[in-house]
Amino acid sequence: MDFHHVSVLCSATVKAVLGPTNGVYVDCTLGGGGHAATLGMLLDNEAWLIGLDQDKEALKAAKTRLDKTVSCHVTCVQRNFREVKETLYELGVDAVDGIIFDLGVSSYQLDMPERGFSYMHDGPLDMRMNQENKKTAADIVNTYREEELYRIIKDYGEERWAKRIAMFIVAARKEKTFTRTQELVQVIKQAIPAGARKEGPHPAKRTFQAIRIEVNGELSILQQSLEAAVSCLKRGGKIGVITFHSLEDRITKRTFKQLATECICPPHMPVCTCDHHASLKITNKVIVPSPEEIMHNPRARSAKLRIGVRI
């Protein structure tokens with residue numbers, strides 16, 4: 001199966017981060033290379049485009065695509081975006097002109113049953129973005145205590161039926177170990193009352209989201225990754241972050257706000273002691289997909305793009 005992914009808010013993101021056409025740019029979530037290719041086609045030959053992704057299949061596909069479509073220098077690195085600062089240091093880059101984060105799961109990962117991300121297709125309970133990591137979705141579903149399952153489904157999935165789902169999972173695994181995605185989907189459907197299943201998204205959507213976030217540690221590394229990325233920007237350099245659910249967006253909004261605040265001391269402090277200085281200016285407008293983009297790519301419907309400029 002070819003790596004296929006429709007990049008969300010592509011032109012808006014590229015327009016937001018583009019500065020000098022001979023500069024250095026980083027796509028921290030390279031995926032299939034959609035944003036990077038669009039950006040690269042606007043850059044001069046002497047510009048440098050650096051792409052990070054922890055998925056080796058995505059990285060291979062993106063490199064092939066970029067080699068065919070852009071003329072600037074391209075470097076693709078198999079790294080998690082939390083290592084952006086270390087990666088740039090190793091490449092001898094002091095500061096960059098623009099950085100992109102697209103926090104969504106690629107269409108390729110979702111649509112490939114053997115990756116285990118999809119609640120629509122049967123496949124192994126995997127969900128690892130980096131297939132070299134040891135922890136899988138099956139490990140979580142089969143070994144986490146009921147209260148741990150409840151916590152992640154409630155916190156990461158924002159699922160109102162989290163308690164029942166966790167209880168049903170623990171009861172079901174006493175009879176048989178979970179190995180397949182559809183086994184988990186069936187138990188989730190049993191846990192959610194029939195009336196509740198008639199409304200809203202697929203009944204397993206939020207639970208699968210929660211487990212995926214836990215497998216890949218997505219939220220635990222986001223704030224520190226955004227802070228590290230901003231510290232790598234030149235003055236006037238721009239960062240664009242695309243989020244797809246409220247948890248990611250909340251962390252991004254909070255991190256940007258903190259980076260844009262001159263003093264972060266508690267309000268009751270009579271004198272500033274934090275020695276914190278603003279490093280980011282936030283553009284107040286949050287960009288969302290147009291109705292036309294959503295019509296052509298329904299997975300874009302929840303996307304939000306937040307933009308900041310290094311000061």
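The following legends describe close-up views of a predicted model.

View 1. In the unreviewed UniProt entry, the annotation "binding site" covers Gly33, Gly34, His35, Asp53, Phe81, Asp102 and Gln109. Of these residues, Gly33, Gly34, His35, Asp53, Phe81, Asp102 and Gln109 are included in the lining of the largest cavity.

View 2. Gly34 belongs to helix α2, which covers residues 34-40. Its relative accessibility is 5%, and Gly34 therefore counts as buried, since buried means under 20% relative accessible area. When residues up to four places away in sequence are not counted, Gly34 touches Ser7, Cys10 and Arg65. Gly34 is also one of the residues under the UniProt annotation "binding site".

**View 3. Asp102 in strand β4.** Strand β4 spans residues 96-102 and contains Asp102. With a relative accessible area of 8%, Asp102 is buried, because the cut-off for buried is under 20%. The lining of the largest cavity includes Asp102.

**View 4. Packing of helix α7 with helix α11.** Helix α7 (residues 146-157) packs with helix α11 (residues 205-216) at an angle of about 105 degrees, and their axes are 8 Å apart. The two helices, α7 and α11, are therefore roughly perpendicular to each other, because angles of 65 to 115 degrees count as roughly perpendicular. On the α7 side, the contact is formed by Arg151, Ile152, Ile153, Tyr156 and Gly157, which meet Arg206, Thr207, Gln209, Ala210, Ile213 and Glu214 in α11. Five residues of this contact of α7 with α11 are nonpolar, three are polar and three are charged.

Terms used. Residues numbered from 1 in each chain as written. Predicted model: local features only at pLDDT ≥ 70, side-chain atom pairs only at ≥ 80, totals over all residues. Heavy atoms only, no water. UniProt positions renumbered as here; feature names shortened; annotations may be inferred. 1 Å grid on protein atoms, 1.4 Å probe; cavity = no way out; pocket = protein on both sides within 12 Å on 5 of 7 lines; lining within 4 Å. Helix = DSSP H or I, 4+ residues; strand = E, 2+ residues; numbered from the N terminus. Buried < 20%, exposed > 50% of the residue type's maximum accessible area, 1.4 Å probe, protein only. Contact = heavy atoms within 4.5 Å. Axes fitted to C-alpha atoms, helices over the stretch in contact; angles between N-to-C directions. Parallel < 35°, antiparallel > 145°, perpendicular 65-115°, else oblique. Nonpolar A, V, L, I, M, F, W, Y, C, P; charged D, E, K, R; others polar.
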